[in-house]
Amino acid sequence: MSKQELLLLDCGVSPFCGRVRIALAEKGVEYESKEENVLGGKSELLLSSNPVYKKVPVLLHNGKPLCESSIIVQYIDEAWPSPPLLPTSPYERAQARFWGDFIEKKVFDGGSKIWKSKGEEIEVAKKEFIETLRQLEGTLGDKDFFGGENFGFVDILLIPLTTWFFAYEKFGDFKVEEECPKFSTWVKRCKQRENVVKALPEPEMVYEVVLMLRKMHGVE
C-alpha cells in the first residue's frame, strides 16, 4: 500500500488522532498525514470529509472518508487483520467494546470538567474523574494490558487520553500516580512501546493548549 492511498487528517495534540496513529503503527501501515488547524481555519477537505461533526481525525482510504476515532481503529483492525487489536472470542470482543464505550463516555469529558471548572466545582470534577480511573484500574486488575498479555484495542483508545492528565493534575491539584498506582504502572508500560511514544505529544505541550482553551472558554 502506498502512502498516497491512505491520508490522515490529523492534529498533533488530539488524543483521538493519537489513537489512529498508534493503530496504524501497530499494523505497520504507511500513511500520509495532513495537520489540521482545528482552532483556526479547518480545511475544505476536512469539512467535506466530515460534514456532520467537522472534526479530526478523518482517515481517507482510497479517497473514502472514515470518521470517529474508535470506529476508525476498528476499521483498521478489519482492513489489516494482523496483528489483531481486538480479541478473537466474540465475548471478549464485546467486553473490549464495552470498555471502549466506557472510555468514550467518561475519560476525556470527565477530565475536561476539571480544567473548565472553578472553586468547589473542581473538587467535584476531580473526585468523579478519579473514580472513573479506579473503575478502569479495577478491570485492568493484575494484567499487563486491558486485553491481557497483548497491547490492543482498549489500550489504544485509552493511552492517548493520558497525555492530557498532566493538565488535569495541574488544575485539580492531585497526582494520578498517588490515586491510582496500578493505572499509572499501565501508563508507563504502554509508553515503553515505540509505537506509542512516537504517536503522542509531550504532556507539557498539551498543557499549553489547555491554558489557551481555558482563556477561550472564559475560565481565566
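**Close-up views of a predicted model**

View 1. With a relative accessibility of 13%, E26 counts as buried, a word used here for residues under 20% relative accessible area, while exposed means over 50% and partly exposed lies in between (1.4 Å probe, protein chains only). E26 belongs to helix 1, which covers residues 15–27; helices are DSSP runs of H or I with at least four residues, strands are runs of E with at least two, and both are numbered from the N terminus. The side chain of E26 makes a polar contact with the side chain of R193 at 3.0 Å, where a polar contact is a pair of N or O atoms within 3.5 Å, and within protein one must be able to donate a hydrogen and the other to accept it, residues adjacent in sequence counting only if both atoms are side-chain atoms. When neighbours within four places in sequence are left aside, E26 is in contact (heavy atoms within 4.5 Å) with P83, L85, F151, I156, R193 and N195.

The model is predicted, so local features need pLDDT of at least 70 and side-chain atom pairs count only at pLDDT 80 or more, whereas totals for chains, interfaces and linings use all residues. Residues are numbered from 1 along each chain as its sequence is written, and side-chain values use heavy atoms, with hydrogens and water left out.

**View 2. Salt bridges.** Side chains of opposite charge can pair when their charged atoms come close. A search of the whole structure finds 12 salt bridges, each being a side-chain nitrogen of Lys or Arg within 4 Å of a carboxyl oxygen of Asp or Glu. One of them joins D77 to K27, with the closest N and O atoms 2.7 Å apart. Because D77 lies in helix 3 (residues 69–79) and K27 in helix 1, this pair ties together parts that are 50 residues apart in sequence, and both D77 and K27 are buried. Another salt bridge links E123 with K126, the closest N and O atoms being 3.2 Å apart; both residues lie in helix 5, 3 residues apart, which is about one turn of the helix. E123 is partly exposed at 36% relative accessibility, whereas K126 is buried at 12%.

**View 3. Aromatic pairs.** The model holds 14 aromatic pairs, counted when rings of Phe, Tyr and Trp (its six-membered ring) have centres within 6.5 Å, with planes under 30 degrees apart called stacked, over 60 edge-to-face and the rest tilted. The rings of F108 and W164 have centres 5.1 Å apart and planes at 75°, so this pair is edge-to-face. Since F108 lies in helix 4 (residues 90–116) and W164 in the loop between helix 6 and helix 7, the pair ties together parts that are 56 residues apart in sequence. F145 and F151 also form an edge-to-face pair, with 5.7 Å from centre to centre and 80° between the planes, and both of these residues are buried.

**View 4. The buried face of helix 9.** In helix 9 (residues 181–190), the residues F183, S184, W186, V187 and C190 are buried. Seen down the helix axis, these buried residues fall within an arc of 155°, so they line one face of helix 9; the arc is that of the directions from the axis to the C-beta atoms. Among the elements that cover them are helix 5 (120–140) and helix 10 (194–199). F183 and W186 also belong to one aromatic cluster with F129, F146, F165, Y168 and F174.
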